[in-house]
Amino acid sequence: MTNKRTEIKRLLLYLIFAFVPPYVLAFIYTADYGWKNDNPWFGVITSVSMFFPAAANIITRLITKEGFSKSLLRIRLKGNMRYFVIALLLPVVCSVITAVIMAAVLLPSGSLGNMVTKMDYGKLAATVLYVITMSIVFMLFGFGEEFGWRGYLTPKLEKLMPAPAAIIVSGIIWGLWHAPIIACGHDFGRDYAGYPWVGIGLMCVSCVFIGCYLTALTKRTGSVLPASLAHMAINTIASAVVSFMLMTCATENVEIQTDFNYSIIFFGVISSVSLAAGIILTEAGKRKQKNDL
């Protein structure tokens with residue numbers, strides 16, 4: 001039985017490997033290009049950084065000789081296919097809700113009606129299928145984070161505190177991990193009151209709620225792979241589907257906001273839906289355990 005002191009040491013070691021390399025890369029980037037995200041190297045930095053949480057998991061397990069017996073790497077398709085479907089469809093639902101709210105709240109009167117009546121639903125379906133395919137193709141990037149956050153960080157925290165507290169703490173840590181790229185304008189832009197601290201705080205809150213869903217998805221399947229797919233789907237699907245839907249509203253007198261205002265609505269929607277999905281999956285898991293007993 002591993003004691004708490006050992007788990008804390010492992011956790012601290014993991015956090016060092018997960019945080020230090022991406023932060024160093026970010027500060028090297030900003031030293032040359034400033035706190036901006038309009039340089040091609042920014043995409044390279046963010047893509048590479050997504051693999052550090054997984055690398056931290058592997059390195060920590062090797063250094064501490066913890067092994068990989070509980071690494072949640074198994075592919076369990078039997079009985080779990082519905083969770084992969086949920087992982088892909090939940091971001092689509094959130095994107096549609098975001099576009100509807102944005103058309104109704106941010107754009108001029110009549111924009112929502114235009115979107116509903118003038119939408120090319122065939123092209124919308126094709127767009128959804130395309131971004132779903134891209135999510136599957138680029139699932140490895142989602143795995144780069146999820147193998148770290150859900151495959152190591154959250155389980156370790158659950159050994160030190162109650163599960164709800166572990167989800168909150170891991171979500172805040174996950175949000176803070178994004179701090180350098182949020183400061184560069186990723187997700188929320190740079191033109192808002194309280195930049196960049198408000199954006200970093202909002203990211204932490206969103207990561208707590210989204211983490212609730214991704215943690216429940218991992219526990220229900222015993223694998224980080226559905227969460228990896230869900231993570232990449234959230235990253236990939238939202239902007240493409242929302243942009244396509246809002247293009248129907250656009251006229252030469254309409255300027256579509258895609259920075260802070262869009263982000264507030266999208267993260268509000270994805271956070272709310274993720275929290276609800278996480279609670280539903282968790283309760284379903286508890287009922288299954290009772291039935292099995």
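Let's start with Ser271, which is found in helix α12; helices here are DSSP runs of H or I with at least four residues, strands are runs of E with at least two, and both are numbered from the N terminus. Is Ser271 buried or exposed? At 6% relative accessibility, Ser271 counts as buried, where buried means under 20% relative accessible area, exposed means over 50%, and partly exposed is in between, with a 1.4 Å probe and protein chains only. The C-alpha atoms of Ser271 and Ala99 are separated by 15 Å, and the two residues are 172 apart along the chain.

A word on what we are looking at: this is a predicted model, in which local features need pLDDT of at least 70 and side-chain atom pairs count only at pLDDT 80 or more, while totals for chains, interfaces and linings use all residues. Residues are numbered from 1 along each chain as its sequence is written, and side-chain values use heavy atoms, with hydrogens and water left out.

Now to the pockets. On a 1 Å grid over the protein atoms alone, a pocket is an open set of points with protein on both sides within 12 Å along at least five of seven lines, a cavity is a set of points where a 1.4 Å probe fits but cannot get out, and lining residues have an atom within 4 Å of a point. Grid points are joined across faces, edges and corners, and a volume is the space filled by probe spheres set on the points.

How much space lies in the largest pocket? About 810 Å³. This pocket is lined by 39 residues, and His178, Ile181, His186, Asp187 and Asn235 are the closest to its centre. Several helices supply at least two lining residues each, among them α1, α2, α7 (139-158) and α8 (163-177). Which helix gives the most to that lining? Helix α11 does, with ten residues. By class, the lining of the largest pocket divides into 23 nonpolar, 14 polar and two charged residues. For these classes, Ala, Val, Leu, Ile, Met, Phe, Trp, Tyr, Cys and Pro count as nonpolar, Asp, Glu, Lys and Arg as charged, and the others, Gly among them, as polar.

Next comes the second largest pocket, with a volume of about 610 Å³. Its lining has 26 residues, and Ala216, Lys219, Leu281, Thr282 and Gly285 lie nearest its centre. Helices α4, α8, α10 and α12 are the elements that give two or more residues to this lining.

Helices α1 (4-33) and α2 (40-49) each supply at least two of the lining residues, and α1 gives the most, with three. Six of the lining residues are nonpolar, one is polar and none is charged.

On to salt bridges. A salt bridge is a side-chain nitrogen of Lys or Arg within 4 Å of a carboxyl oxygen of Asp or Glu, and the structure holds eight of them. Let's look at Glu66. Its side chain meets that of Arg61 in a salt bridge, at 4.0 Å from N to O, and both Arg61 and Glu66 are buried. Glu66 also forms a salt bridge with Lys156, at 2.5 Å from N to O. Lys156 lies in helix α7 and Glu66 in the loop between α3 (52-63) and α4, so this pair ties together parts that are 90 residues apart in sequence.

Another salt bridge joins Glu158 and Lys219, with the closest N and O atoms 2.6 Å apart. This pair links distant parts of the chain, as Glu158 is in helix α7 and Lys219 in helix α10, 61 residues apart. Glu158 is partly exposed, with a relative accessible area of 25%. Salt bridges that share partners also join Glu7, Arg10, Arg61, Glu66, Lys156 and Lys159 into one network.

Last stop, the surface. Val105 is found in helix α4 (residues 81-105) and is exposed, with a relative accessible area of 58%.
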